[in-house]
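Visitor: I am new to this structure. Could you walk me through a few of its parts?

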Amino acid sequence: QWTTASIVEDQIAAISAQVGAGRAICGLSGGVDSAVAATLVQRAIGDRLTCVFVDHGLLRSGERTQVERDFVAATGVNLVTVDARERFLDALAGVTDPEQKRKIIGREFIRVFEQAERDLKAQGDYRFLVQGTLYPDVVESGGGAGTSNIKSHHNVGGLPEDLAFELVEPLRLLFKDEVRRVGLELGLPETIVHRQPFPGPGLGIRIIGEVTADRLATLRAADAIAREELTAAGMDRDIWQCPVVLLADVRSVGVQGDGRTYGHPVVLRPVSSEDAMTADWTRLPYEVLERISTRITNEVAEVNRVVLDVTSKPPGTIEWE
Ligand code: XMP
């Protein structure tokens, strides 16, 4: 019988067996997956785990603080923050192809980690890298038998051949709902356990077109408003996630005050799902959609249009890239 408690117990034992007396690095993304993976590993090896948080500049508003303040407060883990915002922007300059973006972000991510490992190795024998890879990631990246590669998820595909770490993946057999139950079992706060999934490549794959600092600021502002209003309306548990996508290469004409505008649309992509393998578009109340639309177009200067994605998965994936 696979109870949540037995999953926790088994994984802690498996991690202890794999890592032995070694040391591990765990990248924290701000999401539930890496938080649960890190907490499991900390239960197994304690202070021999060091968490590394990379601010790749593709984060949503407030996420860095949530990791540095809330997660550390809840678990007491050792945390190192690396500010790599410039590096990622440089690497993504001029890139518009979705798969290329994913590969670049994944590659830079690993390189930053390898640098973090070199820095940490001065203090101890860090040979293991913890990742919060879930079962659907494994399947969609072609890791499962008889499946095709739909998108290269950056925590599975696109790793360099000379990867200097042995991977520890305690969530590899789990679906999202199971990960959340494990998180609660481990005593993580509800705010972390029920945070909506956010892709590793972050806002980089929610800007359709080239990723620039200005576009990131625009999307971050629109996304923060959408999340605020969904939370205020008590919708967080009704939706799986609601990506906000900036159509950076599209402009449309609008009017505001006395003036003509020529701005960008953002797309709201609210979805309901059990495990992200399939999804339905969420029928959000019109009043909530109206508040989000009004606030975004009033408060985010570059955005003059808000549109709603009413496509299920399949045929649409949840993310646009
Ligand atoms: P798609 O777009 O494939 O997304 O329907 C399914 C779920 O996975 C998330 N996602 C990712 N998660 N690394 C991740 O850890 C990634 O590269 C990645 N791409 C998509 C997405 O947000 C959705 O929850």
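Guide: One definition to start. Helices are DSSP runs of at least four residues, numbered from the N terminus. Note too that this is a predicted model.

Visitor: In which helix is aspartate 33 found?
Guide: Aspartate 33 belongs to the stretch that the UniProt annotation "binding site", from an unreviewed entry, covers. As for its place in the fold, aspartate 33 is found in helix H2.

Visitor: Is aspartate 33 buried or exposed?
Guide: Count the C-beta atoms around it. A residue with 20 or more others within 10 Å is buried. Aspartate 33 has 26 C-beta neighbours inside 10 Å, so it counts as buried.

Visitor: Which residues is aspartate 33 in contact with, leaving aside its neighbours within four places in sequence?
Guide: Contact here is judged between C-beta atoms, with a cut-off of 7 Å. Beyond four places in sequence, aspartate 33 is in contact with Gly132, Leu134, Leu171 and Val179.

Visitor: Why is serine 29 classed as buried?
Guide: The cut-off is 20 or more other C-beta atoms within 10 Å. Serine 29 is buried because its count within 10 Å is 23.

Visitor: How do H2 and H7 lie, oblique or parallel?
Guide: H7 covers residues 176-185, and its axis is 10 Å from that of H2. The two helices pack at an angle of about 45°. That angle makes H2 and H7 oblique.

Visitor: Which residues of H7 does H2 meet?
Guide: The crossing of H2 and H7 is left-handed. From H2 come Val32, Asp33, Ala35 and Val36. In H7 they meet Val179, Arg180, Val182 and Gly183.

Visitor: How many residues in the contact of H2 with H7 are nonpolar?
Guide: Sort the contact by class. There are 2 charged residues and 1 polar. The nonpolar residues number 5.

Visitor: How do H1 and H7 lie, perpendicular or parallel?
Guide: Helix H1 covers residues 4-19, and its axis is 9 Å from that of H7. They pack at about 80°. H1 and H7 are therefore roughly perpendicular.

Visitor: Which residues of H7 make the contact with H1?
Guide: H1 brings Thr4, Ala5, Ile7 and Val8. H7 brings Arg181, Val182 and Glu185.

How values were computed
Residues are numbered from 1 along each chain as its sequence is written. This is a predicted model: local features need pLDDT of at least 70, side-chain atom pairs count only at pLDDT 80 or more; totals for chains, interfaces and linings use all residues. UniProt positions are given in the numbering used here, feature names are shortened, and annotations may be inferred rather than shown by experiment. A residue is buried if 20 or more other C-beta atoms lie within 10 Å of its own, exposed if 12 or fewer, and partly exposed in between; C-beta atoms are placed from the backbone. Two residues are in contact if their C-beta atoms, placed from the backbone, lie within 7 Å. Axes are lines fitted to C-alpha atoms, for helices over the stretch in contact, and angles run from 0 to 180 degrees between N-to-C directions. Angles under 35 degrees count as roughly parallel, over 145 as roughly antiparallel, 65 to 115 as roughly perpendicular and the rest as oblique. A crossing is left-handed if the near helix is turned anticlockwise from the far one by less than a right angle, and right-handed if clockwise. Ala, Val, Leu, Ile, Met, Phe, Trp, Tyr, Cys and Pro count as nonpolar, Asp, Glu, Lys and Arg as charged, and the others, Gly among them, as polar.
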